[in-house]
Amino acid sequence: TENKIKSVIDIIKDIINPQSNIIYDENLPSLGPQYICGSSKKLMSLSSWSPKYNLVEGIMKTIDYHKGLKN
């Protein structure tokens, strides 16, 4: 889970400012559960829901939306 969170952070960094430097402090105590188990497959199989965008598209749309709030 931790590596997945870092990869999402890296995607956001690459979209907003690829030259920025993210510093991860490995010495900080964990603030969340050590293991999170979840899957969207069950949601999709029990409903008619399916994602409209992939992860990168969703992040880009979210960033664009928040940029629009500042204007």
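This is a short tour of a predicted model, stop by stop.

**Before you start.** Residues are numbered from 1 along each chain as its sequence is written. In this predicted model, local features need pLDDT of at least 70, side-chain atom pairs count only at pLDDT 80 or more, totals for chains, interfaces and linings use all residues, and side-chain values use heavy atoms, without hydrogens and water.

**Colour by pLDDT.** This is the predictor's confidence in each residue, from 0 to 100. The chain averages 83, and 83% of the residues score at least 70. Select helix α3 (residues 55–70): its mean of 91 is the highest among the elements. Helix α2 (residues 40–46) has the lowest, 83. Helices here are DSSP runs (H or I, at least four residues), numbered from the N terminus.

**Select Lys13.** It sits in helix α1. Lys13 counts as buried because its relative accessibility is 17% (buried is under 20%, exposed over 50%, partly exposed in between; 1.4 Å probe, protein chains only). Beyond its neighbours within four places in sequence, Lys13 contacts Pro18, Ser20 and Ile22 (heavy atoms within 4.5 Å).

The rule asks for a side-chain nitrogen of Lys or Arg within 4 Å of a carboxyl oxygen of Asp or Glu. The count is 1 salt bridge. Asp14 is partly exposed, at 44% relative accessibility.

**Finish at Ile9.** Ile9 also lies in helix α1 (residues 2–16). At 31% relative accessibility, Ile9 is partly exposed.

How values were computed: Helices (H or I, at least four residues) and strands (E, at least two) are DSSP runs, numbered from the N terminus.
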